[in-house]
Amino acid sequence: MTATVSSNLHPDVVKFLSSGTLKGVVGGKDVTSSTGQTLKTLNPGSGEVLAEFSALSESDVDNAVRVAGETFTKSPWAKLPPNERGVWLHRLADAVEKHKPIIGQIEALDAGKILPQALGDVQNFVDTLRYFTNMSLHVQHRTALAVSGHDAWTVRHPWGPCGFIFPWNFPFLLIGWGISPALAAGNTVVIKPAEDTPLSAIYLARLAREIGFPDGVINVVPGTGETAGAALSRNPGLRRMSFTGSPEVGRMVGEACGRNLTPVKLELGGKGAAVVFDDVDVTKTAEKLVQAITFHTGQVCCDATRWLVHKSIYNDFIDECKDRMTKVRIGYQLDEQSQMGPVVNARQRERVLSYLKKGQEQGAKLLTDGGAAEVPGRSGFYVKPSLLAGSLDNVAAREEIFGPVAYIAPFSSEQEAIEMANQTDYGLANSVWSSDLTRAYRVAESLVAGNSWINAHNIFAHGIPYGGVNKSGMGGGVLSIETLFDYWRSMSVVRPL
């Protein structure tokens, strides 16, 4: 099904998008590329140009890192008492919340998210910033050590300038996940947004400047991954680096950081499994998994993309999922009736369609009417939700598609289900579905991943560590007190008695 077309933009969104070539922000000042290069960002729902922005060069990025470093060493920011730094961070959170309708529309337009999801991402940014800010007020920076014959303790200090490269699927939410603990710990940050979705990062930097946030603490360097992203990851002036994206690019970022011995956090892809036992409510479970695979058009690294279903309910489960997938309302992201918007760009649409083709060529059966979707009046990048079935050796069951495509297969026993779920090079997030909680706990703990959920999928409560293993990441997770500790370096101080 397709939704009807309607959109009403906030006047401030129109003003922002029509303000000319959008610039990076370094040291509180707008900066253009030293090479004069600009790029265009498109509206995924219409294929039309949203805005033009300056694509910063390697020297521009190097300058941003230098400014962030000077701000860290010469400004009061890193030395502020936590409560005084917290005043600024809460002020920024308040400003973002006040501007949520504006940022939400910008995010929806740029990333192709349906508006309620985009607004939810903005609120998540606010909640994350407040969470880490409040946590930083109650953490002891000095810890006494009980060592015989010595007066000894450890003390925590911020690292310095921290670099962040963010992807296009959750631009604003992930900025919150990344920079909030870094800022709360007293670091400065340099943000490289994805070239497909730079708008909300630029708007954030402008908003921070507008409320008087200290210059040079938050810097944004838009540009291509090959130039701006590569320059940031290999800059020796960084003291910590964080990358969220594909394993392929993550390896390059990790290699570049390794040459400088810069600690790096890599949050990478996934090929999560949902293990569905025969004692579930088939209708409710199918509904939740279809909602998960169509959330943000399946462009979610931790999604359940492999559905492993007990053979006794396998056919009934397929029927329920097919029925629900065909009823998903595909439409323009600002239309209130839309339940699923477009993928981010033409390349991503082609990627999804190519996996459907390759999967079928390798023997998988397409159980739904998959393929490109048409939305009246729009020439955007729309695809239909799809369900494939077959052997897990299939390329569509092994590789991350990053679209609304699930792959379903039956299992006979608990042990077989565990083996099938662990039959992947990834290790981000899985879920177990059963009314037998003892079994659910047992299976959840047997899966090789950073996260296991029970009777739910995509759960991100503040305070619960979230990270990956194997091809899904390294260097620590997000959303917990351990994340805040990542952005302090620990130092021991000792005096012999």
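1. Ser-46 is located in the loop that joins strand 3 (38-42) to strand 4 (49-54), with strands taken as DSSP runs of E of at least two residues and helices as runs of H or I of at least four, numbered from the N terminus. Its relative accessibility is 8%, so Ser-46 counts as buried (under 20% relative accessible area, with exposed over 50% and partly exposed in between; 1.4 Å probe, protein chains only).

2. The model is predicted: local features need pLDDT of at least 70, side-chain atom pairs count only at pLDDT 80 or more, and totals for chains, interfaces and linings use all residues. Residues are numbered from 1 along each chain as its sequence is written, and side-chain values use heavy atoms, leaving out hydrogens and water.

3. Thr-297 has a positive phi near 55°; it lies in the loop between helix 10 (282-294) and strand 13 (304-310) and is buried because its relative accessibility is 1%. Asn-458, with a positive phi near 65°, belongs to the loop between strand 18 (451-454) and strand 19 (473-474), and its relative accessible area of 16% makes Asn-458 buried as well.

4. Helix 5 (residues 115-136) packs against helix 6 (residues 171-184) at about 15°, with the axes 8 Å apart; the two are therefore roughly parallel (angles under 35 degrees; over 145 is roughly antiparallel, 65 to 115 roughly perpendicular, and the rest oblique). Axes are lines fitted to C-alpha atoms over the stretch in contact, and angles run from 0 to 180 degrees between N-to-C directions.
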